[in-house]
Amino acid sequence: MVIQTGVTNIKDSNVLETSLEVLISLMEDEGETNNVKYEMVQRGISDLLCDVIDNINMGSDDNEMNESLEKLSFDLLVTMLSDDRCMALLYQHGSSLLAQRIHSSDWLLSPRPTLVASTLLAVGNIARNEDNCHHLVHKANILPTLVSIATENFAKLDGLNLAGSSEQNDHSRIVIKLLLADLSVIRNLTIPLVLKPLIVNSRIFDIIVPFLRDTEFSLMFAEIIFKCLAILRLAVNGQESLATAFGADEVAVTRVVSYCDGSSHGGVQAESMRLLAALVRNSRVTRTMTSVVAGGGTRHLVTMATSKHGNA
């Protein structure tokens, strides 16, 4: 493939940038066939992209060109990972160079937040496959790193200011981007039934539950609230202890009910109602239903039972 000549010529940043842009254009133009993606994966383009990212990460220059090259490299990786056939070749049951970078946390523990966020987007795509989820949790032991990233960035939410200076605005956006990408990975890992107990024991809910309890709905945090509700709802299914513990927290349950009422975000409203139903369904104690009734959630359960959300 002629384009690979440009990609391997890492010393020539302009040639490399142009080559990556051409590759992205080729993939965008092919529609849903994914033949170009698959050919690039077969030719080992992912290893070359990993080398590009490693060279940037190990260097000391944090300039616009390096930022552009890193973004383009990850855009290519994430686009290829979005195709199941390509993802299987890219991850190779955890044996590929890309998998090694993720497993070693070289990128996830980087001091550069843009690299961490981009890596999380790639991991989120890999975690769409249940076998990959098992590998990421059991072999790569990725959960402690994900919880650490969540802990660090949830702690920064109080000081965010999207209406501040340009520098403050950029900082706020990267914190939210990191959290959303991190929570997306955790959500995907919570889907397989056998992984739910490990997610519950990972202490992620020591962070998520207090956040939900203390956070009124706002558009600024809408997507974060949505992700947290989704993780909690998925984890509660089949986990009676978690359902009972959360159901006993009347303040937290009342907050979830408030999201049903006062959210202008359709996803937050839907996930809140689904979570209420999951709590009642999975907890075998009356305290949970008492909390739901006291918080005003009964009418939302009735709404779910008589609407399309009832089977969600």
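User: Which residues of helix 3 meet helix 5, and which ones do they meet there?
Analyst: This is a predicted model. In it, Lys37, Met40 and Val41 of helix 3 are in contact with Leu76, Thr79 and Met80 of helix 5.

User: What classes are those residues?
Analyst: The contact of helix 3 with helix 5 has four nonpolar residues, one polar and one charged.

User: At what angle do the axes of helix 3 and helix 5 cross?
Analyst: They cross at roughly 110°, and the axes come within 10 Å. Angles of 65 to 115 degrees count as roughly perpendicular, so helix 3 and helix 5 are roughly perpendicular to each other.

User: Left-handed or right-handed crossing?
Analyst: Helix 3 passes helix 5 in a left-handed crossing.

User: OK, helix 6 now. How far apart are the axes of helix 3 and helix 6?
Analyst: Their axes are 9 Å apart, and the two helices pack at an angle of about 10°. Helix 3 is therefore roughly parallel to helix 6. Helix 3 covers residues 35–42 and helix 6 covers residues 84–91.

User: Which residues meet there?
Analyst: From helix 3, they are Asn35, Lys37, Tyr38, Val41 and Gln42. From helix 6, they are Arg85, Cys86, Leu89 and Leu90. By class, the contact of helix 3 with helix 6 has five nonpolar, two polar and two charged residues.

User: And how do helix 5 and helix 6 pack?
Analyst: The angle between helix 5 and helix 6 is about 115°, with their axes 7 Å apart. Leu77, Met80 and Leu81 in helix 5 meet Cys86, Met87 and Leu90 in helix 6.

User: How many of the residues in that contact are nonpolar, polar or charged?
Analyst: The contact of helix 5 with helix 6 has six nonpolar residues, no polar and no charged.

User: Switching to pockets. What volume does the largest pocket have?
Analyst: The largest pocket has a volume of about 280 Å³.

User: Which helix gives the most to its lining?
Analyst: Helix 5 does, with seven residues. Helix 5 (64–81), helix 8 (113–126) and helix 11 (166–190) each supply at least two residues.

User: Which residues line the largest pocket?
Analyst: Among them are Glu67, Lys71, Phe74, Asp75, Thr114, Leu121, Ile174 and Lys177.

User: What about the second largest pocket, what is its volume?
Analyst: The second largest pocket has a volume of about 230 Å³. It is lined by 16 residues, and Ser110, Val116, Glu152, Asn153 and Leu178 are the closest to its centre.

User: Which elements give two or more residues to that lining?
Analyst: Helix 8, helix 10 (143–154) and helix 11 do.

User: Last one: what classes make up the lining of the second largest pocket?
Analyst: The lining of the second largest pocket has nine nonpolar, four polar and three charged residues.

Note on methods: Residues numbered from 1 in each chain as written. Predicted model: local features only at pLDDT ≥ 70, side-chain atom pairs only at ≥ 80, totals over all residues. Heavy atoms only, no water. 1 Å grid on protein atoms, 1.4 Å probe; cavity = no way out; pocket = protein on both sides within 12 Å on 5 of 7 lines; lining within 4 Å. Points joined across faces, edges and corners; volume = space filled by probe spheres on them. Helix = DSSP H or I, 4+ residues; strand = E, 2+ residues; numbered from the N terminus. Nonpolar A, V, L, I, M, F, W, Y, C, P; charged D, E, K, R; others polar. Axes fitted to C-alpha atoms, helices over the stretch in contact; angles between N-to-C directions. Parallel < 35°, antiparallel > 145°, perpendicular 65-115°, else oblique. Contact = heavy atoms within 4.5 Å. Left-handed = near helix turned anticlockwise from the far one by under 90°.
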